[in-house]
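Visitor: I would like to learn how to read the surroundings of a ligand. Could you take me through it slowly?

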Amino acid sequence: MSAISESPTRALNGLVTHGWNRAARLYNFPMLQRVAYRPPQDEIIAQLRIGRPRRIADIGCGTGILAARIERELRPDVVYGCDASVRMLRQARSRSDRVKWRNRRAEDLGLPDAAVEAVVSTHAFHFFDHAAALAEFHRVLAPGGWLAIVINNPRSRWAMALQPPAVRGLAYFPPPEVMRSLVQAAGFTVLEQRPVHRPLPNSLVPDVLTVARR
Ligand SMILES: C[S@@+](CC[C@H](N)C(=O)[O-])C[C@H]1O[C@@H](n2cnc3c(N)ncnc32)[C@H](O)[C@@H]1O
């Protein structure tokens, strides 16, 4: 299903999506995946093993590696993989025909209210309009449902240097305390924030997982 709507987005999200369309073929490069993207996905899978939700949505799913792993390794009843980029999703579709792939923005997922028991997202939240996306995650989550987001959280010392206001139309990486406030403001209870374990020193790639409950 493809239905990219006029929902609120970061100002330059159309440009971001265009960029990911162009990058789609390079994205699955094994070294890039192993170093950058696999560790947060491992962390999300471990988190999902705790709650054992049966209906799960991966938002900003890219080429679908995590959503397909969730489907294969955890065998829930349904997995949605949602992404704004048609070409990233093209790669995803070739990975699994059991995941329900959706060409939708995080801010307007097109799923019914309370459709899922867990919403997860890795390395994509910085591209979303945070308030609109979190409101949408709250809407599609059933009461008691889990939210698990991994984002590259620049330490506050670097935060401003890494993201001058001019770049914020493209992306903004909220530091952990800002992330906590955003998630709480959307009506969630934050359960935990913890660094993602990875082979590189965490100070180089300071990913943080935020887990919350609706
Ligand atoms: C760095 S990739 C991460 C992909 C995947 N989650 C992973 O960890 O491999 C970021 C993805 O976010 C998607 N994206 C950017 N803005 C989006 C939005 N507003 N709604 C949904 N997806 C979006 C891009 O198209 C891209 O596929």
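Guide: Let us begin with the classes of residue in the shell around the ligand, which in this predicted model has 11 nonpolar, 7 polar and 4 charged residues.

Visitor: How many residues surround the ligand, and which are the closest?

Guide: A residue counts as near if one of its heavy atoms lies within 4 Å. Here 22 residues surround the ligand, and the closest are Tyr-27, Gly-60, Asp-83, Ala-106 and Thr-122.

Visitor: Which elements give two or more residues to the shell, and in what kind of site does the ligand sit?

Guide: The ligand sits in the largest pocket. The elements that give two or more residues to the shell around it are helix 1 (13–23) and helix 2 (30–51), and helix 1 gives the most, with 3 residues.

Visitor: Which backbone atoms lie by a nitrogen atom of the ligand, and at what distance?

Guide: A polar contact is a pair of N or O atoms within 3.5 Å. In this model, a backbone N or O atom of Gly-60 lies 2.7 Å from a nitrogen atom of the ligand, and for a backbone N or O atom of Ala-106 the distance to a nitrogen atom of the ligand is 2.9 Å. A polar backbone atom of Ala-84 is 3.3 Å from a nitrogen atom of the ligand.

Visitor: How much of the accessible area of the ligand does the protein cover?

Guide: On its own the ligand has 600 Å² of accessible area, and the protein covers 99% of this.

Visitor: How many aromatic pairs does a search of the whole structure find?

Guide: The search finds 3 aromatic pairs. Planes over 60 degrees apart count as edge-to-face, and Trp-20 and Phe-127 form such an edge-to-face pair, 6.1 Å centre to centre with 75° between the planes. This pair links distant parts of the chain, 107 residues apart, with Trp-20 in helix 1 and Phe-127 in the loop between strand 4 (116–122) and helix 5 (130–140).

Definitions and conventions
Residues are numbered from 1 along each chain as its sequence is written. This is a predicted model: local features need pLDDT of at least 70, side-chain atom pairs count only at pLDDT 80 or more; totals for chains, interfaces and linings use all residues. Side-chain values use heavy atoms; hydrogens and water are left out. A polar contact is a pair of N or O atoms within 3.5 Å; within protein, one must be able to donate a hydrogen and the other to accept it, and residues adjacent in sequence count only if both atoms are side-chain atoms. Accessible areas come from the Shrake-Rupley method with a 1.4 Å probe; for residues, only the protein chains shown count as cover. On a 1 Å grid over the protein atoms alone, a cavity is a set of points where a 1.4 Å probe fits but cannot get out, and a pocket is an open set with protein on both sides within 12 Å along at least five of seven lines; lining residues have an atom within 4 Å of a point. A molecule sits in a cavity or pocket if more than half of its atoms lie within 2 Å of its grid points. Helices (H or I, at least four residues) and strands (E, at least two) are DSSP runs, numbered from the N terminus. Ala, Val, Leu, Ile, Met, Phe, Trp, Tyr, Cys and Pro count as nonpolar, Asp, Glu, Lys and Arg as charged, and the others, Gly among them, as polar. Rings of Phe, Tyr and Trp (its six-membered ring) pair if their centres lie within 6.5 Å; planes under 30 degrees apart count as stacked, over 60 as edge-to-face and the rest as tilted.
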